[in-house]
Amino acid sequence: MKTYSNLIEQIYDFENLYRAWLRAAQGKRARPQVMRYGYHLEENLIELQNHLVWGTWQTGEYRHFTLHEPVYREGAALPFRDRVMHHALVAIIEPCFAPSWIDHSYACRAGKGTHRGADYAQALIRRVQRQHGQAYALKADISKYFRSIDHGVLKRLIRRKITCKPTLDLIDGVIDSTASPDDARPYGIPLGNLTSQLFANVYLDALDQHVKHRLKVRHYVRYMDDFVIIHHDKQYLHTLRLEIEAWLADQLHLKTNSKTQIFPVGTHHGRGLDFLGYRIWATHRRLRKDSIGRIKRSLKRLQREYATGEIDLEQIRPVVHSWLAHASHADTHGLQVAILGAFGFVRDDPKAASSEFRPSAGAQQSPHAEP
């Protein structure tokens with residue numbers, strides 16, 4: 001296995017730090033802490049560089065927050081200076097890991113994402129149904145994934161690739177930044193860190209390699225802590241589930257949650273595969289009901305805020321366009337028209353400029369529609 005040394009010089013290279021600042025600030029230039037960092041950009045980057053050269057970097061204080069959609073989650077965010085450092089670190093160490101990842105791991109990777117993951121899952125269902133007439137799905141979720149990552153296991157996995165001691169010390173500091181001194185065996189990485197996305201992929205790449213190369217599973221797809229296996233033999237999937245769950249517990253100290261199950265995927269009707277925000281069949285796909293509920297709630301909230309002048313159209317359009325982009329990857333043209341047609345944006349003051357706006361769905365039918 002190829003290993004990488006002498007990485008720290010690449011991490012603290014000033015050009016790498018400057019590019020890290022650009023990525024960290026993208027879309028956030030108007031935020032106060034980003035503006036403050038940018039006012040003294042050169043001094044701040046030199047200070048960061050000196051910390052990395054001398055090995056004196058200390059992680060800042062976390063700000064904890066709660067996300068309620070799409071599911072309830074607890075997250076933590078670091079000061080902007082830390083985010084710049086994380087971008088600089090990830091830019092150098094991710095290429096050490098990514099080339100050996102399997103093709104069909106779709107989370108937090110360039111050229112992948114939810115839409116391509118859903119496309120591949122649908123292709124697997126089509127292939128198995130075409131060859132065998134029936135497809136079963138093993139749909140598995142890792143229970144409390146980010147909170148369950150074992151620091152010791154993660155560090156061992158990272159050391160399979162990286163041997164540069166200053167870089168490992170920096171990575172260890174990031175991993176342990178949320179650990180309590182009293183923890184005999186610390187678990188968990190914060191959901192909000194850029195490094196956490198990379199570490200989460202490194203951790204479950206061990207599962208990917210086990211499933212693909214030791215268990216020889218053909219029809220497998222993973223997106224972060226959700227994975228799917230498609231097969232025509234239901235009993236085979238039950239056996240496989242037991243093997244995978246035992247391996248996860250033994251090697252990664254993880255377990256699947258109560259939503260993990262095996263079921264037949266309907267051919268034209270019946271049950272679809274619930275994956276990456278869609279309900280997927282071989283012939284078509286639909287949006288999940290909770291996705292439809294979220295956009296309705298968002299549009300109602302935006303409607304109220306626009307009516308009272310709290311927001312402008314520039315803050316509404318990205319929300320609408322983002323949902324349309326997601327919805328357009330399913331068979332939803334009629335749904336788009338119905339939902340967006342139900343929401344008009346009107347100012348309480350009819351004399352105000354741009355007092356009325358009504359979003360509209362695109363005219364093209366989804367490419368996934370049944371022929």
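**Entry 1: around Arg288.** I started with Asp290 and Arg288, whose side chains meet in a salt bridge, 2.8 Å from N to O. I am working in a predicted model here. Asp290 comes out as partly exposed, with 29% relative accessible area. I then looked for what else Arg288 holds, and found its side chain in a salt bridge with Asp274 as well, 3.2 Å from N to O. Asp274 sits in strand β7 (residues 273–275) and Arg288 in the loop between β9 and α12, so this pair ties together parts 14 residues apart in sequence. Both ends are partly exposed: Asp274 has a relative accessible area of 32%, and Arg288 has 27%. Salt bridges with shared partners join Asp274, Arg288, Asp290 and Arg294 into one network.

**Entry 2: Arg285.** How many salt bridges does the whole structure have? My search found 14. One that I noted down links Arg285 with Asp119, their closest N and O atoms lying 2.7 Å apart. Arg285 belongs to strand β9 (residues 285–287) and Asp119 to helix α6 (residues 114–132), so the pair ties together parts 166 residues apart in sequence. Is Arg285 buried or exposed? Arg285 counts as buried because its relative accessibility is 0%, while Asp119, at 31%, counts as partly exposed.

**Entry 3: α3 and α4.** Next I turned to helix α3 (residues 32–39) and helix α4 (residues 41–54), whose axes come within 5 Å and cross at roughly 90°. On the α3 side I listed Arg36, Tyr37, Gly38 and Tyr39, which meet Leu41, Asn44, Leu45 and Leu48 of α4. Sorting the residues of this contact gave me 5 nonpolar, 2 polar and 1 charged.

Note on methods:
Residues numbered from 1 in each chain as written. Predicted model: local features only at pLDDT ≥ 70, side-chain atom pairs only at ≥ 80, totals over all residues. Heavy atoms only, no water. Axes fitted to C-alpha atoms, helices over the stretch in contact; angles between N-to-C directions. Helix = DSSP H or I, 4+ residues; strand = E, 2+ residues; numbered from the N terminus. Contact = heavy atoms within 4.5 Å. Nonpolar A, V, L, I, M, F, W, Y, C, P; charged D, E, K, R; others polar. Salt bridge = Lys/Arg side-chain N within 4 Å of Asp/Glu carboxyl O. Buried < 20%, exposed > 50% of the residue type's maximum accessible area, 1.4 Å probe, protein only.
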